[in-house]
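Please consult the sequence and the model while reading.

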Amino acid sequence: MTSTVIYEGDLRTVATHLQSGTTIGTDAPTDNQGKGELFSPTDLVATALGACMATTMGIKARDLQVDLKGMKLSIRKIMKPDPRRIAGIDVVFDFPPTLQIDEKQKLILERTAHTCPVVYSLHPDLEIKIEFHWDKAIQPV
């Protein structure tokens with residue numbers, strides 16, 4: 001088993017990762033009768049996409065001897081009603097100005113992000129938009 005989830009009442013859950021014992025709480029969002037004090041379950045889906053992209057890029061970056069430390073992902077989840085569901089996820093990557101990377105490495109890392117396991121696990125009707133802002137990165141000579 002991967003985790004356990006306990007419903008605490010008042011639209012709140014606590015999930016425990018069994019291997020590490022770490023926990024994540026969730027709340028229903030304010031637009032769906034909740035307090036919005038914690039991630040909602042759908043927030044976690046969108047956030048999992050970004051975390052998976054960053055992790056798989058980090059693995060590939062190690063192979064390329066590129067340090068992505070300080071890379072920031074901004075994630076926006078777009079909901080649709082009837083039935084209530086995630087319709088889209090926008091992911092914007094911003095890279096630190098200390099990053100030294102060439103065009104070939106950029107292309108490899110972008111392809112890696114587009115093919116992370118979570119991307120392949122999401123329904124194909126879900127619209128995923130990804131932007132890479134490499135403008136602050138240093139181009140090696």
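A search of the whole structure finds 4 aromatic pairs, where rings of Phe, Tyr and Trp (its six-membered ring) pair if their centres lie within 6.5 Å, and planes under 30 degrees apart count as stacked, over 60 as edge-to-face and the rest as tilted. Two of these pairs are tabulated below.

| Pair | Centre to centre | Angle between planes | Class |
|---|---|---|---|
| Phe93 and Phe95 | 6.1 Å | 10° | stacked |
| Phe95 and Trp134 | 3.8 Å | 5° | stacked |

Phenylalanine 95 lies in the loop between strand S5 (85–94) and helix H2 (103–114), and tryptophan 134 in the segment after strand S6 (127–133), so their pair ties together parts that are 39 residues apart in sequence. Helices (H or I, at least four residues) and strands (E, at least two) are DSSP runs, numbered from the N terminus. One aromatic cluster is formed by Phe93, Phe95, Phe132 and Trp134.

This is a predicted model, in which local features need pLDDT of at least 70 and side-chain atom pairs count only at pLDDT 80 or more, while totals for chains, interfaces and linings use all residues. Residues are numbered from 1 along each chain as its sequence is written, and side-chain values use heavy atoms, with hydrogens and water left out.

Buried means under 20% relative accessible area, exposed over 50%, and partly exposed in between (1.4 Å probe, protein chains only). Phenylalanine 93 is buried; phenylalanine 95, at 4% relative accessibility, is buried, and tryptophan 134 is buried at 9%.

Aspartate 43, in helix H1 (residues 41–64), is partly exposed at 23% relative accessible area. Leaving aside neighbours within four places in sequence, aspartate 43 is in contact (heavy atoms within 4.5 Å) with Leu38 and Lys77.
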